[in-house]
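Dear colleague,

I am handing over the structure below, and my notes on what was found in it follow. Please read them with the structure open beside you.

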Amino acid sequence: MTETLAGQYGVSTEEKQAIEEQLGRLFASPYFSHSKRLPNFLRFVVEHTLAGDSENIKERTIGIEIFGREAAYDTAADPIVRVTAAEIRKRMAQYYQDAAHEEELRISLPSGSYIPHFHPATNGDDSGLPEIDAVAATPLEQVAPTVGHVRPHWLLTLALVVVAAGMVALGSIWLWQRLHRSGFDEFWQPLISSNDPVLLCIADQNEYSVIALRDASQPSRQVELKDTLTAVVIDDLSATIKVAGVLQSSGKQYSLKGEGASTLDDLRRGPTVFVGAYDNAWTLRLTNSLRYHFANDDDMTHLWIADSTSPGRSNWSVDRGVQMATNVYRDYAIVARFTDSDTGKVAVVAAGIGRGGTRVAGEFLTDNADLTQLMRLAHQAGDKKNFEVVLSTQIIDGEPGSPKIEATYFW
């Protein structure tokens, strides 16, 4: 090699140039050209890898350098690096699926890692990049003479052995990727990979007929004007923002609608995330037929999550009188992901009995540790794709604590 780079790969100047040119092709493609975040992320990890600085390619470092996060930010609560990496993997796979790119150098970002790998073109010349195994990179015509005088039935046996070995290798890769895929990625994959935009269906309240506006020249002066306002509960807004952040960071298109403005036709257009319970009619309709669903007395003084297998049970309940008088109580929520039989689309629910319950449901849905625990339970239940979770949390002065799983159901 000429003028070897002092890095992990020991690539030459020519090889480094080939990698940079390939980055340029990727960034010029429709999969990357409309985004600044994805190219910046990929260029950062490639340049640091080639410079021999792969040890510093970590989630926190990327979050700080690329996304401007604080040095002490909570990586478990803010999954932007993991979600962006997953989006890059998906778009690179789409790029290389095009036959026009078969003879190009390949850059990949293995699942569970942020360190890129570099591969010679499938049908091109071996670039000598040390990431590629020498046997795997050997052209077929170089191997053929060694078996040229073998009898046909031995050729068939050899072919079967090679196919079997390939299947075992593919199975091992699939198993490794599954074991190393985060619970966060696994939970959100059906929505992120969908070709349809996601709808955020949130609870709304038409409760104000006037609005108080401040005088621009004298902000302390307020003037009340007639108006009709659609309000959103701030705890519901917290859950909505968290989910929207997941979609935004993955480059996923989404729209936002109040439950009163959402129609069945809207729900048929793609996956939907439902936020809020007793102020969201769609949440109540969709969960009513599920094992765990919301219930209440006629006066709405007691609200609870019911279990259809134990109709008389109401352990997960909230007394509205205690809630309003003390603001200290135990709240409960339902988190669910399932395919709605009426629309054929994936539905995600984040809804609490009280406001704090909805807020903690949003936190659960965007926390990798919580979702990893949930997906582990789903695998133990037989790799079920649909599930419900009943959560509880202690509310003190209106602020929720950590979520606790009370019950799960998979189907």
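In what follows, Ala, Val, Leu, Ile, Met, Phe, Trp, Tyr, Cys and Pro count as nonpolar, Asp, Glu, Lys and Arg as charged, and the others, Gly among them, as polar. This is a predicted model, in which local features need pLDDT of at least 70 and side-chain atom pairs count only at pLDDT 80 or more, while totals for chains, interfaces and linings use all residues. Residues are numbered from 1 along each chain as its sequence is written, and side-chain values use heavy atoms, with hydrogens and water left out.

With those classes in hand, the lining of the largest cavity divides into five nonpolar, three polar and two charged residues. A cavity here is a set of points, on a 1 Å grid over the protein atoms alone, where a 1.4 Å probe fits but cannot get out, and its lining residues have an atom within 4 Å of a point. The structure holds one cavity of 30 Å³ or more, and about 50 Å³ of space lies in the largest cavity, a volume being the space filled by probe spheres set on the points, which are joined across faces, edges and corners. Among the lining residues are Leu267, Phe274, Asp340 and Lys345, and the elements that give two or more residues to this lining are β7 (272-275) and β12 (346-352).

Of its 411 residues, 41% are buried, meaning under 20% relative accessible area with a 1.4 Å probe and protein chains only.

Leaving aside residues up to four places away in sequence, Trp188 touches Val243, Val246, Val273, Leu365 and Leu371, where contact means heavy atoms within 4.5 Å.

In α13 (residues 355-365), nine of the 11 residues are buried, including Arg359, Phe364 and Leu365. Helix α9 (residues 234-249) contains Ser249, which counts as buried because its relative accessibility is 7%; beyond residues up to four places away in sequence, Ser249 touches Arg37, Ile80, Val83 and Thr84.

With best wishes

Key:
Buried < 20%, exposed > 50% of the residue type's maximum accessible area, 1.4 Å probe, protein only. 1 Å grid on protein atoms, 1.4 Å probe; cavity = no way out; pocket = protein on both sides within 12 Å on 5 of 7 lines; lining within 4 Å. Helix = DSSP H or I, 4+ residues; strand = E, 2+ residues; numbered from the N terminus.
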